[in-house]
Structures are given as structure tokens and as C-alpha cells.
Amino acid sequence: MVHFHLNPSLWAVLLTFTSLQPCSADKRVDLIVRPDGGNVSSPIMYGLMHEDINNSGDGGIYAELIRNRAFQSGDESRYPVTLDGWSAVNGAKLSLKKLSQPLSAALPYSMNVAVPSSSNKTVGFANAGYWGMDVKVQKYTGSFYVKGAYQGKFFTASLQSALTGEVFGTTNVPVKKAGNDWVKFDFNLVPEKAAPNSNNTFAITFDAAGVRGGSLDFNLISLFPPTYNNRPNGLRVDIMEALAALKPKFLRFPGGNMLEGNTLPTWWKWNETIGDLKNRPGRAGVWGYPLSAGLGLVEYMQWCEDLNLEPILAVWSGLALDGGELPESRIDEAVQSALDELEFLTGDASTHWGGIRASILGHTRPWKIRYVEIGNEDWLGGGSTGFENYKKYRFPAFFKAFQEKYPEIQLIASPSVFDGMTIPKPAGGDYHPYLTPDNMVLSFNKFDSLTRDNLTLIGEAASTHPNGGIGWEGNLMPFPWWGGSVGEAIFLLGLERNGDKVIGATYAPGLRNLNRWQWAMTQIQHAADPSLTTLSTSYHVWKLLGTTAITKTLSVTAATGGIGPLYYVAGETERGSSVFKAAVYNSTEPVAVSVQFAGLGGKVKQPHKKTATATLTVLTGPTNPYEYNDPWKHNNVVEETKTKLKAKEGGTFSFTLPQLSVAVLETDSD
């Protein structure tokens, strides 16, 4: 038997963590797992969700290094166009211009670089990136547009220290044309030396004497490091690798509040996020900063391709965050936009939007879309009428149109049955629990009473504030913490018990830039310096459960003990193994567990044989349940222990689990 122990003197700390009554009765739990009585579970139980909050897109997973590369706004009344991120080099004068001949209608502003009079120096401009840039000896791919008369031989692109000026890499970009038309320049840059830190800038300089007319105009200045799967305009490698390790099955996008927009005109217009970057106007973000739209609809679909994810596509439902909504007489506009988006993604080349995808974007093969969500949290917005109008005419209009055009698609309403909406079959709902750990635990059996007609996506979930906390933002923890993550685990075990009623579950938000954020609680934190990429306590919990996702539940009978403080579920995985998954919460001492697998036949090695084995993986945390993985300390408070167990006579595996632990016992197939 495997034993885990906690220092008894620390029980006082643990007991003040929760307001629930401590459990001490079930010091031993004996369970029998049988092959009958279970249910087939969702094939996409664990997944991802993304919207650009916390600079998780621009400055996050979207690998572009240049901040404010195209001087975009999306709503100048909210976000005036600025030169944020840019600085002059060697006396050049930078200003914004709205030229009569802009780079494109989508990008009306550009940066004018005026040279000092009678200057023979090299001048130009630099960009500070998203709070720095990581510089390694690797190939960087860049481009920029220039307008104006320049008779110099080349432009110079370089990466250098913002502190010392040391140049790590430089390349000369030959001039191929001069005149009054916009000209695009492409280049590759391979630094000769890696920078010791991320406090670096990117610069473009040129010979001041070669400028005719006193200035040049620049726009869409871009620089990418190597990207995941080497995608042009792609995603950041280390973050994508961390997400891939979760073994997710779906991606819910594009949000989240980002989908709705601050006002009716500023919703996430999908057709303004496709095609050449110079034709993407950007948009007014809803979290305090404008967005480049570089991470657009196609890039989201490529994200799905690269990680083999099922897209859960959210379409705008006609509601804005300020409470504005389309009246019933105009709701067909939003419905038609959604149908056009589906045609763009799934239509063949003979359709209008499918033809645009195939001919202009070169993606001849249609994508598959099996899940579409109508709106985001429509139970929450729109003042006193938003939710009622969603039920009255907005959702019904989408439901009717999709039943006629795409009956095979699983529609999802943005509220759930728990939000007070009766959802028409066969549509599902979306439930977003942001709770204390105690309330996560109390939700273990929340789905037990639902029928399969109440199919539900958990499109966002997290333990966000400590037990006893009231309200929201003011009580958020600074990072996911161990006790909260164990609470999440128990909620997830309850979902897996009801896998025939659940579409899938995802933590949200997933990502947070450490330099600017609006919501502290995220699975992964990041900055320009990849050494600061931090996998939170919740990341480790969701990874353990997600990489052992149950595809069919198995019935569990308690011979001794019951639910609480040990919470559990058993089932089969896609690998053909059998698993027992458990967590301990609010126990005054370790719990002794025995699990007998009965009657599994030939699906795995017969557990009743003495040679049958299983691997027990246990996650434990610090004795202080409020501790977390701190990016600045580079610590990991989660300890993972793997133990090979042999079954006793009758196929029984025995072990003990301590307070605030999460465990998976998986039978070996050989």
C-alpha cells in the first residue's frame, strides 16, 4: 500500500481554508468498479477557450513581436491612434499621418519618419515590443511597407539591447523600388548572439542622405520568431507546446466578451479578420486595448488543425457589452453573418464564401464545424431586456436558420439550464462557474439530476476567489492556488461522472501576460522572456485529468465509505485502459483507498491475476493551500508522484491519499 502523510501540526491551517464541515468519518473507502451501468462520455471532454484578454493574443500566443505595428484602433473614440511602442533613432522625428493614399482602406494611418535637415547620419525608429523581445540565435522573419522617394541602397533591420545598445543581429534589406507607391520589403534576420534578457528592441534604420522630400512613410512593420509548425503569421512555440501537453480536444473561440464588442458596431466581425494583414482594420478590444486582428478566423482554425482540436465556433448573437442589441426587425443581419461565416469555413469552392476561401486565401479544402455557440453569456448582458430578448427572438432566429441550413451542427445557447433558460432540443447550453473551492466541491453532483436532453458545455470555469470571499475582482487570488485547483478537480470529476450530459469543459481565461492583465486567474502566465512562462497549479490538475479523459464511465459501488472527503469516478480511456480518478478535500487525515476492478474481460490485462499492474499518479501540494506557482520565483508547488502498483487477489489496488490531493490510477494494458 502506498502511503502519503501530512504534518498533523498543520491541520489548523488546512481547516481554516474551508468553511465546510470537516470530514473524518470515512478514513477508509473500499470500492468495486464494474463494467456495467456506465455511459458513453463526450469525445471532447477537455479543451481550450480563447479570447484576447490579458494580452493573451497580441503579446501572447500570437507570435508577432512588434507592438502597434499598423497604428490600428477599431474605435478612435475609445482608442485614439498613437505611436505607442515606437521611438526615434538618431534624431528622426516620428508622427502619425492619415495620407490621401494610405496603405489600404483598412489601415488609414501610417508613421511618418522625417530626417533631420542636412543630416548624413543613419536614422530611423525602434519598437519596444510587448514589454521586450526575446532574442535567440534563430531565424526571424520580417516585413514592412514604405512610401516615399529613397535613393539609398538598403534599409537595415536589427535587434539590440534597450539597455546597452549592443546589437545582437542585423541585416541589410536591399532597396528594390523608390517612388510614391507603397512598397513591401521582406527580410530574414538571424542574430549572431543571444540576448542575456528580454529588454530588447527592434529597429529599422536608413541613410538620411538618401531621402528625397524630407521623410518616408512606414506601415505594417512586422517581425516573427519561429512559430509553431512554422506557420506564417503563426503562434508562439512555447505556449502552444504547453497547450498541446494538456491533450485538449476542442477550442472555443473567439470568446468570451471579445465576441460581443463594447458597442453594436464593434463586435468581432469575422470577415475583417481574414486575408492579407493589410486588409484587416483591427478592432476595439473589450479589455482596455485595441487588437491587431492578426489572430483571426483562419488562424484560429489553423490552431485547431495543429493541435487536432474540434472547433467550437461562437457567432455573434446581436448583443453588445454596453447593453445595445439588435431589434427583432434586424436580427436577420446577425443570423446571415453567421451563415456566411459557416459557408466560408465549410462551403465548397462553388459557394460565394467558400470560393473566397479557396481562391483568395488558397484553402481549397473546407473545414468541418460540428459545434456552434450562439453568443456569449447572453443571460448576463443587455440590462433588463437582453436575456429576455435572447429567449424571445434572438436565439430562436438562429435556431430556426441552423435547423434548416445546418441541422447536423450541434447548436449551443450561451446560457445554460442553470441560468434559467429552457433550451429547445437538440441544442445545448453553456455554463460558466467561477466559484470558490468550497462551491466547486459542492457542485460535484450538480449534473447528476440533469437528463441527456440538458446537454451542457462548460465553456469557462475556474476557482477564482478564496472560500469566504465575496464579490468578484476584488477577491481574485493573484494566481491559481493549490486549494482552489483541488476544488476544480472535484468539479471536473463530477462532470466526468455525467459525461453523457456534458459537451466538454475548459478553464478560462487560459493565458495572461505578466505585464498587463485584467483577470489574474489563468492557467498559464507568460511574458516576452520565455523563462517566465509559468504553468499554474490548475494547469497541472487539468493536465492530469485531461490526459486520462474517460470515454465511457464504469459504475462504482462503495463497500465501505462513500462520497466525501474522497470524490471519485471510474471509466475507460481512449487507450483502452481503465482508470479510477479521485481527489481528497476537507479531510482531517489521509484516506485509505482500495479499488477492485471486476469483470473487465480482455480489454486490459485481467485485473484478477496477481500480475496485474496499474500506475498511480498523485498530485500533492504545499501544506499551505493558498500557495501558488509564482512566475518570479520559478517555483512549482505541485509535486507529482508516480507509483507502480500490483493488484492483490481479486484485482484490488490499495493506497492512501492525503488531504488536498488529486490522483489517477490507470491499469496497464500490457
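The buried residues of helix α4 are covered by several elements, including β2 (48-49), α2 (237-245), β13 (250-253), α3 (257-260), β14 (310-315) and α5 (331-346). The model is predicted. Helix α4 itself spans residues 297-307 and is mostly covered, with 10 of its 11 residues buried.

**Helix α4**
- The buried residues of α4 are L297, V298, E299, Y300, M301, Q302, W303, C304, D306 and L307.
- Directly after α4 comes N308, which has a positive phi near 55°.

**Nonpolar cores**
- The largest nonpolar core comprises 76 residues, and W303 and F402 touch the most other members.
- Helix α7 (residues 386-405) contributes the most to this core, giving 9 residues.
- W303 is also listed among the buried residues of α4.
- Apart from its neighbours within four places in sequence, F402 is in contact with A338, L339, L342, V372, I374, P407, I409 and L411.

**Packing of α9 and α10**
- Two packed helices are described by the distance between their axes and the angle between those axes.
- For helix α9 (residues 482-497) and helix α10 (residues 537-546), the axes come within 8 Å and cross at roughly 25°.
- Because angles under 35 degrees count as roughly parallel, α9 is roughly parallel to α10.
- The crossing in which α9 passes α10 is right-handed.
- On the α9 side, the contact is formed by W482, S485, E488, A489, L492, L493 and E496; on the α10 side, by T537, S538, V541, W542 and L545.
- By residue class, the contact of α9 with α10 consists of 7 nonpolar, 3 polar and 2 charged residues.

**Loop residue K247**
- The loop between α2 and β13 holds K247.
- K247 has a relative accessible area of 51%, and because exposed means over 50%, this residue is classed as exposed.
- With neighbours within four places in sequence left aside, K247 is in contact with G546 and T547.
- K247 and P226 lie 21 residues apart in sequence, and their C-alpha atoms are 22 Å apart in space.

Methods. Residues numbered from 1 in each chain as written. Predicted model: local features only at pLDDT ≥ 70, side-chain atom pairs only at ≥ 80, totals over all residues. Heavy atoms only, no water. Core = buried A, V, L, I, M, F, W, Y, C linked by side-chain atoms within 4.5 Å. Buried < 20%, exposed > 50% of the residue type's maximum accessible area, 1.4 Å probe, protein only. Helix = DSSP H or I, 4+ residues; strand = E, 2+ residues; numbered from the N terminus. Contact = heavy atoms within 4.5 Å. Axes fitted to C-alpha atoms, helices over the stretch in contact; angles between N-to-C directions. Parallel < 35°, antiparallel > 145°, perpendicular 65-115°, else oblique. Left-handed = near helix turned anticlockwise from the far one by under 90°. Nonpolar A, V, L, I, M, F, W, Y, C, P; charged D, E, K, R; others polar.
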